[in-house]
Amino acid sequence: MNITAKQLLSRFHKVVAEWPVDPSRKGRDLGAYLREQYRQKLARECHSDFASASNAVLSLERLNSNYYRGLYRRKKELGFCGEVVAQNPWLLSTDHLSTMEERSKSWWNKLNKRTK
């Protein structure tokens, strides 16, 4: 099957659209990371190593379609997702995580930060 660079980029944009960017997770968002890293990779390899670029898009498509989840079944389905995150979206936000890091600092570190 011969595909062109334009078709490959179209497939890439279709797959990446499935991971929307969450502005509350600055610097930690999967959608933003994938867009940036794979866009650079495809721009470099689309003209020189087309097979590698095609494999990169194929791997994203497999991740998106839960290909590996069906291939490697788990005994139990566990994870931090579902209703907890849907009811409390602030749990995974960058602001909340920085607040939790600040709370977990010792009183000595807090005191040193204030004196500087």
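Tutor: The count comes to 1 salt bridge, meaning a side-chain nitrogen of Lys or Arg within 4 Å of a carboxyl oxygen of Asp or Glu. This is a predicted model, where local features need pLDDT of at least 70 and side-chain atom pairs count only at pLDDT 80 or more, while totals for chains, interfaces and linings use all residues. Residues are numbered from 1 along each chain as its sequence is written, and side-chain values use heavy atoms, leaving out hydrogens and water.

The partners are R11 and E61, whose side chains meet at 2.9 Å, N to O. This pair links distant parts of the chain, 50 residues apart: R11 belongs to helix α1 (residues 5–16) and E61 to helix α3 (residues 50–64). Helices here are DSSP runs (H or I, at least four residues), numbered from the N terminus. Side chains of opposite charge can pair when their charged atoms come close.

R11 is partly exposed because its relative accessible area is 22%, and E61 is partly exposed at 24%; buried means under 20%, exposed over 50%, and partly exposed in between (1.4 Å probe, protein chains only).

On the surface, L63, Y67, Y68, L71 and Y72 form a nonpolar patch. Its residues have over 30% relative accessible area and no salt bridge, with nonpolar side chains (Val, Leu, Ile, Met, Phe, Trp, Tyr) joined within 5 Å. Together they have about 530 Å² of accessible area, by the Shrake-Rupley method with a 1.4 Å probe. Helix α4 (residues 67–71) gives the most to the patch, with 3 residues. Y72 sits in the loop between α4 and α5 (83–87), and Y72 counts as exposed because its relative accessible area is 57%.

How values were computed: Patch = residues over 30% accessible without salt bridge, like charges linked within 9 Å, V, L, I, M, F, W, Y side chains within 5 Å. Helix = DSSP H or I, 4+ residues; strand = E, 2+ residues; numbered from the N terminus.
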